[in-house]
Amino acid sequence: MCAASVPALTYQEVGITRDLPEGPLPAGAHLLRLRTPLGRGEQVLRAAGEALLRFDMQRGAGLRVRASAPVADVGVEVTLYAGLGPLRLPAPCRVVWRVDETDRVGYGYGTLPGHPESGEEGFLVARLPDDSVWLTVTAVSRAATWYTRAAGPLGRLGQRFIARRYARALRRLGARGSQLF
């Protein structure tokens, strides 16, 4: 019996959004980092963390999500779809790291063939010593298709736009979930 072929990631710096280097980024790569407050307390952390791991943040931001498992974990493949009908653009990824600690929950996924970008995007929900809960979105990527290269800075604006939508969605999900506990 032959094992199914697993597509290779389209970049080499696996884990870069978890352990961002202090030196220069890889050639041609751009950094996006967005930190957003979600609320305060353990209940917000738990609700936001659960929503994050179930890909509800992406759904709440208006993306369609197809994942090989219901919860993010290393090796899970997820394809995000933006747009409508036949104009829906797929963005296939694979979860490459995950953290699930007392005060930190998150993961990062790397791009697979067919994704318009090449790189990694990481999401971390953390409760700080002052009890505030924050989402940090970190992306290190470069254009992978002719249309993302042609978009240039507009593509990066689009990436920042969706990161802000992620933050708004997770803030709503964390606040709603905190009322359940």
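This is a predicted model: local features need pLDDT of at least 70, side-chain atom pairs count only at pLDDT 80 or more; totals for chains, interfaces and linings use all residues.
Trainee: What makes the link between the side chains of S132 and D130 a polar contact?

Mentor: The distance is 2.6 Å. A polar contact is a pair of N or O atoms within 3.5 Å; within protein, one must be able to donate a hydrogen and the other to accept it, and residues adjacent in sequence count only if both atoms are side-chain atoms. So the pair S132 and D130 qualifies.

Trainee: Which residues does S132 touch, leaving out those up to four places away in sequence?

Mentor: G39, R40, A126 and R127. Contact means heavy atoms within 4.5 Å.

Trainee: Where does S132 lie?

Mentor: In strand β7, residues 132–143. Strands (E, at least two residues) and helices (H or I, at least four) are DSSP runs, numbered from the N terminus.

Trainee: What is the order of the strands in the open sheet?

Mentor: Seven strands run β1-β7-β6-β5-β4-β3-β2, with antiparallel pairing. The edge strands are β1 (30–40) and β2 (64–67), because each pairs on one side only.

Trainee: How do you know that β4 and β5 pair?

Mentor: Two strands pair if DSSP finds at least two bridges between them. Seven bridges join β4 (residues 89–100) to β5 (residues 104–111), so they pair. V95, for one, has Y109 in β5 as its bridge partner.

Trainee: What makes a space a cavity, and what makes it a pocket?

Mentor: On a 1 Å grid over the protein atoms alone, a cavity is a set of points where a 1.4 Å probe fits but cannot get out. A pocket is an open set with protein on both sides within 12 Å along at least five of seven lines. Lining residues have an atom within 4 Å of a point.

Trainee: What is the volume of the largest pocket?

Mentor: About 590 Å³. Among its 27 lining residues, the closest to its centre are H115, P116, E117, Q159 and I162. Helix α4 gives the most to this lining, with five residues.

Methods. Residues are numbered from 1 along each chain as its sequence is written. Side-chain values use heavy atoms; hydrogens and water are left out. Grid points are joined across faces, edges and corners, and a volume is the space filled by probe spheres set on the points.
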